[in-house]
Amino acid sequence: MVSLRFPTAAVPRLQPKPVPNGATIAATLAAAAAAAAAAAASLTLTAKSAGRPVPLPSPSAPLWASLSLAVGAAPGSVEPRTGAAFPTEDAAGRRLLGVGLRKTSVFGLKSIDVYAFGVYADGNDLEQQLKEKYRKFSASELKGSAELINDVLGQDIQMTVRLQIVYGRLSIRSVRSAFEKSVGSRLQKFGGQDTKELLQSFVALFKDEYKLPKGSVIELSRESNHVLKISIEGEEVGSIQSKLLCRSILDLYIGDDPFDKSAKDNVQENIASILQS
C-alpha cells in the first residue's frame, strides 16, 4: 500500500463555505447524473465492441447500478459473425456445448446469414448414458470419434437446439420449406423412403400465423423418451414422439455434414470434456 505523507507545516484555517441553497444542490445533482449517464453509455459501447452481451438494469435501478452491471456482467457465448448471444444454460438447466451459424445462398451467388444457433445438452444424461463406455478414452480420441457422435444422436439424451433469427426478412413459410428439404433428406438417410407422413407432421407445426422478426427464437428440444418439442418465442407449438425425427434434426447440427463444422467440433470437444471430468 502506498503511504501518503503531508508536510507538517502549519496549515492556515479556511473560512467555512456558505451552505448551498436548493437551486445549487439541484444543479449539482443534475450535472452528476449527466456524467454518470455518459459513463454508462461509454461502458455499454465498450462491452458490446468486445463481443459481450450487456444486461439491462431494471427501470428502478439507480445509475450506479447500471454502471456496475455493464462492467461486471458474466458473458454468455456469442456467435462471432452475427454477435448473437446465448445463455450458458437454458431454462431446463441444459448446458451450452457450442454455437454456430446457418447460412444459405441465393442463386448460388450471395450468402445470407439466416440464424445463429446454440446446442445444449443435459450433462447428467451424457454422463449416465455415455461415461461408462467412453471414460477409458482420452479427450483427444473422443474429439474425433464418429462413434461418440453416433451415440449422442441415438441415445435418449435430453438436448435442445436454440435458433436465433438474424435475417430480418425471414418468413415462417421459408422456415417450413427449408426444414422440409433438410429434415426430409435426413429422414430418408436414417429411415428410408417411407417418411413423408412424419415429415409433414413436423413441418405442419410451423403455421403461417407465427411471425419471425429478427431476434425471434425457435427451440427444437429432444425430451425424455425421444419426444421432439417445438417452441417459438417461448410458446410450445407441438410435440412429436419419434426417435427417427429427433435424430434427423440433431444430425443437421452435429452429424456427418453439419450446417457449421466448427460448431460441431466445439460441441464434440465439450462432450468429451464432460465425459472426462
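How many bridges join strand S6 to strand S7? In this predicted model, the count is six, and the two strands, S6 at residues 217-223 and S7 at residues 227-232, run antiparallel. To see one of these pairings for yourself, find Leu220: its bridge partner in S7 is Ile230.

Now step back to the sheet around them. S6 and S7 belong to an open sheet of six strands, ordered S3-S4-S5-S6-S7-S8, with antiparallel pairing. At the edges sit S3 (95-106) and S8 (235-241), each of which pairs on one side only. If you ignore direction, neighbouring strands here are turned against each other by 20 degrees on average.

Leu220 lines it together with Val161, Ser221, Arg222, Leu228, Cys246, Ile249 and Leu250. S6 and helix H8 (243-254) are the elements that give two or more residues to this lining. By type, the lining has six nonpolar residues, one polar and one charged.

Finally, have a look at a pair of helices. Helix H3 (residues 123-134) and helix H9 (residues 261-276) have axes that come within 9 Å and cross at roughly 75 degrees, which means that H3 is roughly perpendicular to H9. On the H3 side, the meeting residues are Gly123, Leu126, Glu127, Leu130, Lys131 and Tyr134, while H9 brings Ile271, Ile274, Leu275 and Gln276. Taken together, the residues of this contact divide into six nonpolar, two polar and two charged.

Note on methods
Residues are numbered from 1 along each chain as its sequence is written. This is a predicted model: local features need pLDDT of at least 70, side-chain atom pairs count only at pLDDT 80 or more; totals for chains, interfaces and linings use all residues. Side-chain values use heavy atoms; hydrogens and water are left out. Axes are lines fitted to C-alpha atoms, for helices over the stretch in contact, and angles run from 0 to 180 degrees between N-to-C directions. Helices (H or I, at least four residues) and strands (E, at least two) are DSSP runs, numbered from the N terminus. Angles under 35 degrees count as roughly parallel, over 145 as roughly antiparallel, 65 to 115 as roughly perpendicular and the rest as oblique. Contact means heavy atoms within 4.5 Å. Ala, Val, Leu, Ile, Met, Phe, Trp, Tyr, Cys and Pro count as nonpolar, Asp, Glu, Lys and Arg as charged, and the others, Gly among them, as polar. Two strands pair if DSSP finds at least two bridges between them. On a 1 Å grid over the protein atoms alone, a cavity is a set of points where a 1.4 Å probe fits but cannot get out, and a pocket is an open set with protein on both sides within 12 Å along at least five of seven lines; lining residues have an atom within 4 Å of a point.
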